[in-house]
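Student: I have a structure to go through, and I would like to work from the atoms to the terms. Can we take it step by step?

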Amino acid sequence: GPCTECSCSSGKEPDKDPSHTKKKENGDRLCVPKIFFGTRTHKQITQISRELKRTAYSYVPMTILSSRDYTCIHPVVSNSSNRNEMCVEFLEGKHGKSCSYYHGVHKLSEYHALQPAPGVYQAWDIEDLVSLGRKLRACPYFAARELMLGADIVFCPYNYLLDPQIRDSMDINLKDQVVILDEAHNIEDCARESVSYGVTESQLRAAREELDFMVNNNIRQKHHEPLRAVCCSLI
């Protein structure tokens with residue numbers, strides 16, 4: 001029967017994707033796991049994808065997951081200080097029109113996925129994807145995510161694999177997959193970072209002032225008073 005524990009993170013039926021199933025002798029389907037290759041920085045991904053190009057495996061379907069900081073090409077969003085929020089606003093049409101690059105995403109993912117012949121497929125890095133995205137006016141950020149469905153190897157920074165929130169938002173499902181962590185001695189720091197949050201004294205003071213205002217104006221007092229006490233004790 002069709003394999004249930006498959007790599008498909010999209011919720012689509014895995015057995016419809018020929019690249020991820022191999023026939024067993026008895027007619028059962030065998031799932032081919034994806035390889036998730038985590039590195040510490042985006043720069044290292046570029047180095048590794050260049051190495052991949054030089055091997056016999058450069059034709060293997062791949063993708064690179066990275067942040068909008070590296071892959072957004074929308075003229076307004078890419079120059080904004082918070083690209084993630086701005087991107088969502090554009091997708092929701094809050095600025096009067098939606099993102100035309102997002103609507104062209106299929107041009108980019110199909111271009112990469114449908115290579116004319118075996119072996120013509122070439123490993124690529126983020127710069128290749130972004131320059132092709134500019135040429136086709138298609139969003140590299142969402143194209144890279146779409147290419148994950150058919151990819152045999154997925155490159156990404158550690159935190160995409162370690163941080164449950166990012167894993168969730170990127171639709172990464174690691175069950176029964178192969179995970180490779182490059183320079184794994186950095187994992188502890190990365191794990192600590194993903195559950196840590198830095199706050200400055202001036203932010204605490206600003207928060208306390210806002211909470212003072214809420215309490216003094218009887219706005220959800222019983223919720224805001226304990227928070228104000230926490231701010232005061234930290235200050």
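Tutor: We start with a term: a residue is called buried when its relative accessible area is under 20%, exposed when it is over 50%, and partly exposed in between. This is a predicted model. By that cut-off Y141 is buried, and F142 is too.

Student: Is F142 buried or exposed, and at what relative accessible area?

Tutor: The cut-off for buried is under 20%. F142 falls in the buried class, and its relative accessible area is 15%.

Student: What kind of pair do Y141 and F142 make, and which residues form a cluster through ring pairs?

Tutor: The ring centres of Y141 and F142 are 4.9 Å apart and their planes are at 85°, so this pair is edge-to-face. The residues linked into a cluster by ring pairs are Y102, Y141 and F142.

Student: Where is L91, and which residues does it touch beyond those up to four places away in sequence?

Tutor: L91 is in helix α3 and is partly exposed, with a relative accessible area of 30%. L91 and Y102 are eleven residues apart in sequence, and their C-alpha atoms are 7.9 Å apart in space. Leaving out residues up to four places away in sequence, L91 touches S98, C99, Y102 and F142.

Student: How many cavities of 30 Å³ or more does the structure hold, and which element gives the largest share of the lining of the largest cavity?

Tutor: There is one cavity of 30 Å³ or more, with a volume of about 120 Å³. Of its 14 lining residues, the closest to the centre are C72, H74, C87, C99 and C139. The lining divides into twelve nonpolar residues, one polar and one charged. Its largest share, three residues, comes from α3.

Student: How many disulfides does the structure hold, and how far from C139 is the nearest cysteine sulfur?

Tutor: A disulfide needs two cysteine sulfur atoms within 2.5 Å, and the structure holds zero disulfides. C139 is buried at a relative accessible area of 9%. The nearest cysteine sulfur to C139 belongs to C99, and its distance is 6.2 Å.

Student: What is phi for D171, and what is it near for E183?

Tutor: Most residues other than glycine have a negative phi. D171, in the loop between α9 and β6, has a positive phi of about 60° although it is not a glycine. E183 lies in the loop between β6 and α10 and is partly exposed at 34% relative accessibility. The phi of E183 is also positive, and it is near 50°.

Technical notes
Residues are numbered from 1 along each chain as its sequence is written. This is a predicted model: local features need pLDDT of at least 70, side-chain atom pairs count only at pLDDT 80 or more; totals for chains, interfaces and linings use all residues. Side-chain values use heavy atoms; hydrogens and water are left out. On a 1 Å grid over the protein atoms alone, a cavity is a set of points where a 1.4 Å probe fits but cannot get out, and a pocket is an open set with protein on both sides within 12 Å along at least five of seven lines; lining residues have an atom within 4 Å of a point. Grid points are joined across faces, edges and corners, and a volume is the space filled by probe spheres set on the points. Helices (H or I, at least four residues) and strands (E, at least two) are DSSP runs, numbered from the N terminus. Ala, Val, Leu, Ile, Met, Phe, Trp, Tyr, Cys and Pro count as nonpolar, Asp, Glu, Lys and Arg as charged, and the others, Gly among them, as polar. Buried means under 20% relative accessible area, exposed over 50%, partly exposed in between (1.4 Å probe, protein chains only). Rings of Phe, Tyr and Trp (its six-membered ring) pair if their centres lie within 6.5 Å; planes under 30 degrees apart count as stacked, over 60 as edge-to-face and the rest as tilted. Contact means heavy atoms within 4.5 Å.
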